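The sequence and structure come first, and the description follows.

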Amino acid sequence: MSTVSWITLRGLFGRRRFLLLLPLPLLLVLLAVLSRSLGVDADDWGPPVLVGLGLAVVLPVVALIVGTGVLGAEIDDGTVVHILTKPLPRWQIVLPKLAVAAGVSAVTVAVPLFVAGRLADSVRLGLSLAAASAVGALAYSALFLALSLLTRRPVLLGLVYVLIWEGLLSSFVSGTRVLSIQQYVIALADRLAPTELLHGDVSVPVAAVMTALISVGFTVLAVDRLRSFSVAGETS
Amino acid sequence: MTTISVDQAAGTPTTVTSTLDLAGVSRWYGNVVAVNDVSMSLGPGVTGLLGPNGAGKTTLLHMMAGFLAPSRGVVTLDGRPTWRNPEVYRRLGLVSEREAVHTFLTAYEFVLASAKLHRLPDPTAAARRAIALVELEGAQDRRIGTYSKGMRQRARVAAALVHEPQVLLLDEPFNGMDPRQRLHMMELLHRLGDAGRTILFSSHILEEVEQVSGTVQVMVAGRLAASGDFRTIRRLMTNRPHVFTVHSTDDRALAVALMAEASVTGVELDRAGLTVRAGDYGAFTRVLPKIALREGVRVRQLVPQDESLESVFSYLVEA
């Protein structure tokens, strides 16, 4: 493991903020177990729990907490200077941090989604949800990591994207779904395990290409922004 | 410019000295000019960057360290720009003013991580050497979160020194340190300077700079107000005119008597009282009681008006 990854992981799990990751995945599993044990039809509880909660809330919110935490928290408390005063090409800082963010988010979300998918339908649906959410975690992480270098309020802007753009506008303006990571994840999961529980609004090729574009594009942007990282002076 | 010199004090046989150059450097934020057309060249030895709070010291240090782009001009380390050039950190170390440190790591882990990030051939030995240099061995396995401010500062200095940089920049390094820790830090800076390293530290406290460095750069309101030997600048500061407000039982009579005094360069009489400008602080304060006694005037109040560091520095701009 690279030193940057090690420090990032220690920083992530050493802050109380990490505890914020636990309630939502637990709620997802709890709702799935409850629905199943109470004998509710999977067609009734599957879409709201898997998509409405799992893919629309748990995945982006977990990715937001982690993605803005791996670099944004260090920028906030000033410790980022310790890593930046090293003769490292900036991509060697961004990529390990992105890997940690995407990895932690993927594990945190994929496990409960697998459990919920398994309970709703089958192991195949569980696996497809886990795989698609891992891909989604990468795209979200790249976006949120870049946001923490583009703005001083990455969490707020991230929430606006998740709640307003993906959550609200996607319901009314179908065109916005083309720029929605949530829609890509649904399309990919539906392709891996076709089921009535998931309804993708974008085609699989569009989802795959856009996910790759977002992941790569925002990573490149983050590297470039980190090259020009400015520390605000006390006198400024 | 790069030269080879012997470096015994820092424990290594030889070191390459480096020069940090600023050429016409300015930095502004909107309409506010934080640093205004500063040019200087820093070579081996300890240099103090002196100036009141808000003078632009931190902005200047950040530009030197490659953490801020100059709005105009260029900062170079051995001829290469520091901005957008991570390679300069092979020869440059920075200890920023902000008490930013990974509190969840032990000092050893923290310094070792720095050594590894520098890709040093033997990071363990380098980390132990740097920790020994700041005398933190006894507490190196404790989490930094449990440290006092001075200990944290030393841990940060160790991390900045782990790759034995030729240039070390420190922003207000004595802030929050107790007298013993200050002394220790001053000794360390002396040793590093004597070993041929280029050390620049900022401070708004005259006495700190006096004790550590012979060369100073004085910043006032974003400009380089004075530059060079500390003693010369200090003399300039001591000999500046001093302004006093005097309240007495007979301001007018006292004003007339004071005008005859050589140490007094000007007297102003108004409703608020008497404002006296003295060319020599010591001579004036010695002679005032004698004149008052002779004239039969009782001095009720004597208030120096310009003792703030700001006014001292402002005088330098005019000098």
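## A hairpin in chain B

G30(B) takes a positive phi near 65° in the hairpin of β3(B) and β4(B), where two residues stand between the strands. Strands (E, at least two residues) and helices (H or I, at least four residues) are DSSP runs, numbered from the N terminus. Two strands are said to pair if DSSP finds at least two bridges between them. Strand β3 (residues 20-29) of chain B pairs with strand β4 (residues 32-42) of chain B in the antiparallel sense, over seven bridges. The bridge partner of L22(B) in β4(B) is M40(B).

β3(B) also pairs with strand β6 (residues 72-77) of chain B, in the antiparallel sense and over five bridges. Here A23(B) has V74(B) as its bridge partner in β6(B).

## Model and numbering

This is a predicted model, in which local features need pLDDT of at least 70 and side-chain atom pairs count only at pLDDT 80 or more, while totals for chains, interfaces and linings use all residues. Residues are numbered from 1 along each chain as its sequence is written, and chains are lettered from A and ligands numbered from 1 in the order in which they are written.

## Domains of chain B

Chain B is divided into domain 1 (3-228) and domain 2 (239-318); such bounds come from an automatic or database domain assignment. The C-alpha centres of domain 1 of chain B and domain 2 of chain B are 42 Å apart.

## The six-stranded sheet

An open sheet of chain B has six strands in the order β8-β9-β10-β5-β11-β12, with mixed pairing. Its edge strands, β8 (92-95) and β12 (223-229) of chain B, each pair on one side only. On average, neighbouring strands of this sheet are turned by 15° against each other, direction ignored. Strand β5 (residues 45-50) of chain B and strand β10 (residues 198-203) of chain B pair in the parallel sense over six bridges. Within β10(B), F201(B) is the bridge partner of G48(B).

Helix α1 (residues 57-64) of chain B lies across β5, β9 (167-171), β10 and β11 (215-220) of chain B, and runs at about 150° to β9(B). Axes are lines fitted to C-alpha atoms, for helices over the stretch in contact, and angles run from 0 to 180 degrees between N-to-C directions. Contact between two residues requires that their C-beta atoms, placed from the backbone, lie within 7 Å.

## The four-stranded sheet

Another open sheet of chain B has four strands in the order β14-β15-β13-β16, with antiparallel pairing. The edge strands are β14 (264-270) and β16 (299-304) of chain B, each pairing on one side only. From one strand to the next the twist averages 20°. Strand β13 (residues 242-248) of chain B pairs with β16(B) in the antiparallel sense over five bridges, and H247(B) stands opposite Q301(B) in β16(B).

Two helices can be described against this sheet. Helix α8 (residues 251-259) of chain B packs on the sheet and touches β13, β14 and β15 (273-278) of chain B, its direction making about 165° with that of β14(B). Helix α9 (residues 281-295) of chain B lies across β13, β14, β15 and β16 of chain B and runs at about 170° to β16(B).

## Helix packing in chain A

The axes of α1(A) and helix α3 (residues 42-77) of chain A come within 10 Å and cross at roughly 105°. That makes α1(A) roughly perpendicular to α3(A); angles of 65 to 115 degrees count as roughly perpendicular, under 35 as roughly parallel, over 145 as roughly antiparallel and the rest as oblique. T8(A), G11(A) and L12(A) of α1(A) make the contact with V66(A), G69(A), V70(A), A73(A) and E74(A) of α3(A).

The axes of α1(A) and helix α5 (residues 91-120) of chain A come within 9 Å and cross at roughly 45°. α1(A) and α5(A) are therefore oblique to each other. The contact is made by V4(A), S5(A), T8(A), L9(A) and L12(A) of α1(A), together with residues of α5(A) including Q92(A), I93(A) and P96(A).

## Where the chains meet

The contact takes 25 residues from chain A and 31 residues from chain B. On the side of chain A that touches chain B, α1 (3-14) and α4 (80-84) of chain A each supply at least two residues. α1(A) gives the most to that side, with five residues.
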